[in-house]
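Here are my notes on the model you sent over. I have kept them as numbered points so that you can follow along with the coordinates open.

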Amino acid sequence: RTSQILLLLAVALNAAVALTPRRLTVGQYDCPLCVAEDNCHTACADVRSQNPGSMYCLDACRGANPDDTFGEDWFARADEAMKSREALDNSIKRLGKELASDIAKMGN
């Protein structure tokens, strides 16, 4: 009786494995962050009429997540973030020049 139950369980397990979609094997899932990035680049082309591989789309899609919606609001926020980063970069460059000038004056 026990051997019949074990045989039945083995057959059932074998059938379940055979019916399991191949997509469930390790390494064949899509990367959710990669898919989100791709979706953002596609939306960038649609919403901003930019080449999906352009520097603008690369920058605008930075930090894209699977739950994000890539519409006008997304790209407006991205534009603001890019302006903010540019202002910060300019400020750092200005401070660097001021420091270099101060150091040069101290050497005289």
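1. Before the details, a word on the basis. This is a predicted model, in which local features need pLDDT of at least 70 and side-chain atom pairs count only at pLDDT 80 or more, while totals for chains, interfaces and linings use all residues. Residues are numbered from 1 along each chain as its sequence is written, and side-chain values use heavy atoms, with hydrogens and water left out.

2. Overall fold. The chain has four helices and zero strands, giving the pattern α-α-α-α along the sequence. Helices here are DSSP runs of H or I with at least four residues, strands are runs of E with at least two, and both are numbered from the N terminus.

3. Burial and surface. Of the 108 residues in the chain, 16% are buried. Buried means under 20% relative accessible area, exposed means over 50%, and partly exposed lies in between, with a 1.4 Å probe and protein chains only. The chain exposes about 8500 Å², and carbon and sulfur atoms supply 60% of that area. The areas come from the Shrake-Rupley method with a 1.4 Å probe, and for residues only the protein chains shown count as cover.

4. Contacts along the sequence. Among contacts in the chain with a separation of 6 or more, 44% are between residues 24 or more positions apart. A contact means heavy atoms within 4.5 Å.

5. Disulfides. Searching the whole structure gives two of them, a disulfide being a pair of cysteine sulfur atoms within 2.5 Å. Counting bonded cysteines along the chain, the pattern is 1-4, 2-3.

6. Cys40 and Cys61. The sulfur atoms of this disulfide are 2.2 Å apart, and the link is left-handed, with -85 degrees about the S-S bond. Cys40 sits in helix α2 and Cys61 in the loop between α3 and α4, so the pair ties together parts 21 residues apart in sequence. Cys40 is buried at a relative accessible area of 0%, and Cys61 is buried with a value of 0%.

7. Cys44 and Cys57. Here the sulfur atoms are 2.0 Å apart. The torsion about the S-S bond is about -85 degrees, so this disulfide is left-handed. The pair links distant parts of the chain, with Cys44 in helix α2 and Cys57 in helix α3, 13 residues apart. Cys44 is buried at 0% relative accessibility, and Cys57 is buried at 0%.

8. Two further cysteines to look at. Cys31 is partly exposed at 34% relative accessibility, and Cys34 is partly exposed at 44%.

9. Aromatic pair. The ring centres of Phe70 and Trp74 are 5.0 Å apart and the planes stand at 85 degrees, so the pair is edge-to-face. Rings of Phe, Tyr and Trp (its six-membered ring) pair if their centres lie within 6.5 Å, with planes under 30 degrees apart counted as stacked, over 60 as edge-to-face and the rest as tilted. Phe70 and Trp74 are buried.

10. Asp59 and its partners. Which residues does Asp59 touch, not counting those up to four places away in sequence? They are Met82 and Arg85. Asp59 lies in helix α3 and is buried at 18% relative accessibility. The side chains of Asp59 and Arg62 meet in a salt bridge (2.7 Å, N to O), a term for a side-chain nitrogen of Lys or Arg within 4 Å of a carboxyl oxygen of Asp or Glu. Arg85 forms a salt bridge with Asp59, with the closest N and O atoms 2.8 Å apart. Arg85 lies in helix α4 and Asp59 in helix α3, so this pair ties together parts 26 residues apart in sequence. Arg62 is exposed at 53%, whereas Arg85 is partly exposed at 30%.

11. Other salt bridges. The count comes to six. One of them joins Glu80 and Lys83, with the closest N and O atoms 4.0 Å apart. Glu80 and Lys83 are three residues apart in helix α4, separated by about one helical turn, and Glu80 and Lys83 are exposed.
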